[in-house]
Amino acid sequence: MDVYLLQLFNGLSISSILLLVALGLAITFGLMKVINMAHGELIMIGAYSTYLTQNLFKAYLPASMFDWYFVLAIPASFAIAFVVGLILEMSLIRFLYGRPLDSLLATWGVGLVLQQLARSIFGAPNVAVTSPSWLDGGLKIMDGTLLPYKRLFIIALVIACLVAMYFYIYRSHEGRRMRAVMQNRDMAACLGVSTRRVDAMTFAIGSGIAGIAGCALTLMGSIGPSLGTYYIVDAFMVVVLGGVGKLVGTVLGAMGIGMFNTLFEYWTNASLGKVLVFVCIVAFLQWKPMGFVAMRSRSLD
């Protein structure tokens with residue numbers, strides 16, 4: 001019983017990480033149809049923001065306050081990635097709407113530039129981020145079964161981000177404007193919605209969430225300039241499987257991939273498990289090309 005419970009928790013943990021990584025991409029890709037290949041580098045920016053926050057606490061604050069650096073690192077990672085995303089949208093992305101291949105190539109180039117910039121500033125080797133002491137250890141639920149506090153914290157962080165995004169998208173004026181642009185951009189513009197402003201804010205918020213994902217990934221191990229490249233493919237798989245532009249679909253996609261990945265790895269091994277998950281995704285998309293949840297649109301084709 002404890003083995004199955006541990007596997008279930010591992011699947012939930014992997015799903016939460018995938019969801020946090022893909023959440024920002026689901027928002028930007030779903031609204032603007034921009035294939036942002038620099039999303040992984042925005043995750044990297046969030047991770048390095050956490051690293052800088054840790055170093056500032058070590059250098060300028062008493063040792064007794066060090067454990068609280070991570071609480072400040074979360075909003076700092078969001079803010080820095082938000083600003084970088086806003087600058088990227090205003091300087092490049094806004095000129096590439098309706099040109100998905102051009103946006104793919106341009107953002108891929110931006111990602112390479114950001115990786116090289118990180119190597120120049122922080123160096124090529126990976127750097128370590130020390131987790132706060134209150135995340136050490138785990139919750140013992142039965143003999144032989146220990147749930148790490150770090151994984152539980154990431155799950156709680158994902159739930160908090162989901163709740164925040166739900167209230168923003170479905171319970172705020174800005175969220176209503178965002179959904180109006182998603183359903184029919186031309187009609188929203190005719191009714192006075194500034195689509196330029198909605199695009200910029202949406203891309204920046206998606207980038208900020210990617211920064212939070214980078215902050216959470218520092219709890220999993222060391223970080224480096226190529227951190228984001230390990231997750232960009234998984235992020236796109238979650239978005240496509242869940243259904244472009246739907247928050248519920250993104251949750252279902254992340255849960256499906258995380259659970260099946262854990263199940264297949266338990267039965268086989270890590271490499272073969274990844275292959276089986278990919279085969280299942282391809283087969284599912286042959287059956288439902290729009291993903292778990294298809295986005296309804298008021299546009300006339």
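Start with His39: a polar atom of its side chain lies 2.8 Å from the backbone oxygen of Val21. This is a predicted model, where local features need pLDDT of at least 70, side-chain atom pairs count only at pLDDT 80 or more, and totals for chains, interfaces and linings use all residues. Residues are numbered from 1 along each chain as its sequence is written, and side-chain values use heavy atoms, with hydrogens and water left out.

Stay on His39. It is found in helix 2 (residues 39-60). Helices here are DSSP runs of H or I, at least four residues; strands are runs of E, at least two; both are numbered from the N terminus. Is His39 buried or exposed? It counts as buried, because its relative accessibility is 2%. Buried means under 20% relative accessible area (1.4 Å probe, protein chains only).

Now select Leu20. Along with Met165, Ile223 and Ile257, Leu20 touches the most other members of the largest nonpolar core, which has 77 residues. Such a core is a set of buried Ala, Val, Leu, Ile, Met, Phe, Trp, Tyr and Cys residues joined through side-chain atoms within 4.5 Å. Which helix gives the most to this core? Helix 1 (residues 2-32) does, with 12 residues.

Next, show strand 1 (residues 138-142) and strand 2. They run antiparallel, joined by four bridges. Strands pair if DSSP finds at least two bridges between them. Find Lys140: opposite it, in strand 2, stands Leu146.

Finish along strand 2 (residues 145-148). Thr145 and Leu147 point to one face and are buried.

Definitions and conventions
Buried < 20%, exposed > 50% of the residue type's maximum accessible area, 1.4 Å probe, protein only. Polar contact = N/O pair within 3.5 Å; in protein donor to acceptor, adjacent residues only side chain to side chain.
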